[in-house]
Structures are given as structure tokens and as C-alpha cells.
Amino acid sequence: MSILEIIGGLLIVIGSIFLFLGALGIYRMPDVFNRLQAGTKASTLGAMATILGVGLLAPGWIFKVLIIILFIAYSNPISSHALARAMHKRKGYMYFKDEDIDAYSEIEEKDNSEK
Amino acid sequence: MDYIIYFSLTVMTLALILAAVRFYKGPSAGDRTLALDTMTTIGVSSIVLLAYLFDRYIYLDVALVYGVLGFIGVIVIARYLEKAL
Amino acid sequence: MIYVILTLVLLLLMVASAIYAIWQKDLLYAVIASGILSLFLSIVFVILQAPDVALTEAAIGVALTTIIFIIAIRNTVRYEDEHDKKKKVKTTTK
């Protein structure tokens, strides 16, 4: 068992545990924005770690594995950002309703008043 | 080394079940769309693990297509919810 | 053994999401449920060692079907019994 296989197996275990924690976050969190933050960040890290671990276990596959990691790294934040923007425009329910946290509504009001 | 991948596949199956429960219970449309997005990410990594387990290089293409096309449906649903499609 | 358990769980989730898509009155949620069914079906095809069918299912089921159904919902109505309500209101006002 070489050093590359040990690092790859460790990355696979860490990534799968992060995927499970992301799914547990979207099950337990009280609010759609908290669920977005938990689900998207944790599952992005978990998927990237798992796929990189497979690339270290089989070193001939490293090129296509890096392409999959690149696509996940740009496609997952785009969909998360579009979903958060849509839910904010629909006045989604916020659990921590506070003036300091919801800074995007002030910018939106300023844009609407300038028009 | 196979037992590590069996453990990871079991954990990913539990994560899929938790996301499916959130899809069933979710009060708004954003929760259900988020459950679809998370399930797509978990599905991509489990397909890569199955490709290593079967030792077939061609199975990575399925994960590649999912990584390219998986976010388009979520973006279309989000633009529809924003009433800007 | 792990393949049997994984396939069994995926098939159960597929049947559950198909029943949900038929039973739900909100058509947007039914479209999302059909997307989840397509994802599980693709993983089952990979387990059954048919990568080309899984590739086609991924391309059609996730992207194309969802986009076409969302555009159809945008041009018509979102809820299933909205037509019936409008018809009933019209007939009662006449």
C-alpha cells in the first residue's frame, strides 16, 4: 500500500462524511437560506474531495477527474446564487430577521429609487 | 481498499435519503429545488465511486455529463421563480 | 451485497418520487420530482453496467425535460385545478 493510496482513501472518507453533513444540514436547518448555505458549501467540498481521492487512487484517470472537479467548482455556486436571489426576491421566510444581516434589501431599495 | 468505498457508498445512500425527506417535507419551492441540487452533487460523486469500483474508465463520462448539465435545470427553475424567464 | 442494498434503496426512492409526481397538484413540484426520478434511474443504469443508456438518460432527463416542462408551465398555469376553478366561476356568474 503506497502513500498515494492512503491519501486517496482518506480523501474519499472525508469527502463522503462532508456530503452526509451537508445532507444533514439541509434536513435540520430552520430556514431556506441556512439550508442553501449548509447544503451547497458542504456538498461542494465533499464532492471535490471524493473525486480527487478517486483520481489519486487511479493515477491514469487524473485528467478527466480534474475536468469534473472544474465543472463542479463553477456550476455549483452559480445554481446556489441564482436560487438564493430568487428566494430573496420572493420574500422568503427568514429565521434570523435582522437589519444587519439582510443588507441586500437596502441595495435593492436604492436601485429601485434610482430608477 | 474496497471496504472504504463500500463505507462511502453507504454514507452517500443515507445522505440521499435525508435529502429526499427534505424534498417531501419542504414548505416552499426553494427547499425542493435545493434538494434536487444536493442530490445531483451526491449522485455525481457516487457515480465516480462506482466507476472506480467497476474499474471502467468510460463510466466517468456519465459523471462528466451530469457535472456539465446538472445545474441548468436548477437555474431555469430559479429564473421561473424570479418571474424573469 | 452492497449493490443489492443500493439498488433496492434507489428503486424504492424512484417509486416514491413517481407516486409523488402523480399525486401532487402543484405542477412545478411534479417537474422537480421527475428530475429526481431521472437522476436515480441514471445511477441504477450505471450499476447495471449500461453507461450509454445512463448518458442519454442524464442528458435528456435532467436538462431537456425540465426546461421544456418549465417553459410549458410558464405559458399555461402552475396549479392543476386552476382551470376547473375558472370554469366553475364562469358558469356560476352566468
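How many of the 26 residues of α2(B) are buried?

**View 1. Helix α2 of chain B, a mostly covered helix.** This is a predicted model, where local features need pLDDT of at least 70, side-chain atom pairs count only at pLDDT 80 or more, and totals for chains, interfaces and linings use all residues. Residues are numbered from 1 along each chain as its sequence is written, with chains lettered from A and ligands numbered from 1 in the order in which they are written. Here 24 of the 26 residues of α2(B) are buried (20 or more other C-beta atoms within 10 Å of the residue's own, with C-beta atoms placed from the backbone). Helices are DSSP runs of H or I, at least four residues, numbered from the N terminus. α2(B) covers residues 29–54 and reaches 37 Å from first C-alpha to last, close to the 38 Å expected (1.5 Å times one less than the number of residues). Just past its end, B:Asp55 has a positive phi of about 60°.

**View 2. Helices α2 and α3 of chain A, side by side.** Residues 32–57 and 62–89 form these two helices, whose axes come within 9 Å and cross at roughly 175° (lines fitted to C-alpha atoms over the stretch in contact, angles running from 0 to 180 degrees between N-to-C directions). That makes α2(A) roughly antiparallel to α3(A) (over 145 degrees). Residues making the contact include A:Phe33 and A:Met48 of α2(A), and A:Ile72 and A:Met87 of α3(A) (C-beta atoms, placed from the backbone, within 7 Å).

**View 3. Where chain C touches chain B.** Chain C brings 25 residues and chain B 30. On the chain C side, α3(C) gives the largest share, 11 residues.

Definitions and conventions
Contact = placed C-beta atoms within 7 Å. Buried ≥ 20, exposed ≤ 12 C-beta atoms within 10 Å, placed from the backbone. Parallel < 35°, antiparallel > 145°, perpendicular 65-115°, else oblique.
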